[in-house]
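Reader: I would like to learn how to read a helix in a model like this one. Please start with the terms.

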Amino acid sequence: MSKMYSELVGADHHRSIELSEPEADGYRMKMSLINTAVLVGPPLGTRVNHGMKEMAKLIDGSMSFIPKIKYDYVDVRDAAFAHLIALGAPDIDGEKIYVG
């Protein structure tokens with residue numbers, strides 16, 4: 001729910017800026033949404049979170065069962081690359097980008 005809520009808040013904020021007067025330099029804020037599947041990748045620090053523990057159990061066979069759930073996984077570096085592409089793309093204002 002928090003992702004959906006943040007998208008709604010971001011969209012409302014974007015609309016409120018659109019309706020206000022433009023900045024002196026004529027710049028208008030642009031916004032696109034990037035949605036990903038489950039993000040996986042190398043951690044930034046040494047702390048191991050719950051998701052990493054569960055993924056390790058699934059890989060090493062120590063999980064007592066294999067869940068019958070299908071997930072799509074995205075490497076966090078690919079999601080970061082999608083953000084970089086979005087920053088440089090002039091025609092994606094208001095678009096939703098799905099990475100998965």
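Author: Helices (H or I, at least four residues) and strands (E, at least two) are DSSP runs, numbered from the N terminus. A79 lies in helix α3. This is a predicted model: local features need pLDDT of at least 70, side-chain atom pairs count only at pLDDT 80 or more, and totals for chains, interfaces and linings use all residues. Residues are numbered from 1 along each chain as its sequence is written, and side-chain values use heavy atoms, with hydrogens and water left out.

Reader: In what order do the elements of the protein run from the N terminus on?

Author: The order is α-β-β-α-β-α-β. That makes 3 helices and 4 strands.

Reader: Where in the protein is confidence lowest, and where is it highest?

Author: Where pLDDT is low, the predicted coordinates should not be read in detail. Here helix α1 (residues 2-19) is lowest, at a mean of 74, and α3 is highest, at 90. The protein averages 79, and 86% of the residues score at least 70.

Reader: How many residues has helix α3, and what length does it reach?

Author: The expected span of a helix is 1.5 Å times one less than its number of residues. Helix α3 (residues 76-88) has 13 residues. From first C-alpha to last it reaches 19 Å, close to the 18 Å expected.

Reader: Which residues of α3 are buried?

Author: Buried means under 20% relative accessible area, exposed over 50%, partly exposed in between (1.4 Å probe, protein chains only). In α3, the buried residues are A79, A82 and A86. Seen down the helix axis, they fall within an arc of 50° (taken from the directions from the axis to the C-beta atoms), so they line one face of α3. The face turned away carries the exposed residues R77, F81, L84, L87 and G88.

Reader: Why does A79 count as buried?

Author: Its relative accessibility is 5%, so A79 counts as buried.

Reader: What do the buried residues of α3 pack against?

Author: Contact means heavy atoms within 4.5 Å. The buried residues of α3 pack against β1 (33-36), β2 (38-40), β3 (73-75) and β4 (96-99). Leaving aside neighbours within four places in sequence, A79 is in contact with T36, L39 and V74. Not counting residues up to four places away, A82 touches I34 and V99.

Reader: Which residues form the largest nonpolar core?

Author: A nonpolar core is a set of buried Ala, Val, Leu, Ile, Met, Phe, Trp, Tyr and Cys residues joined through side-chain atoms within 4.5 Å. The largest one has 7 residues: I34, V74, A79, A82, A86, I92 and V99. Its largest share, 3 residues, comes from α3.

How values were computed:
pLDDT = per-residue confidence, 0-100.
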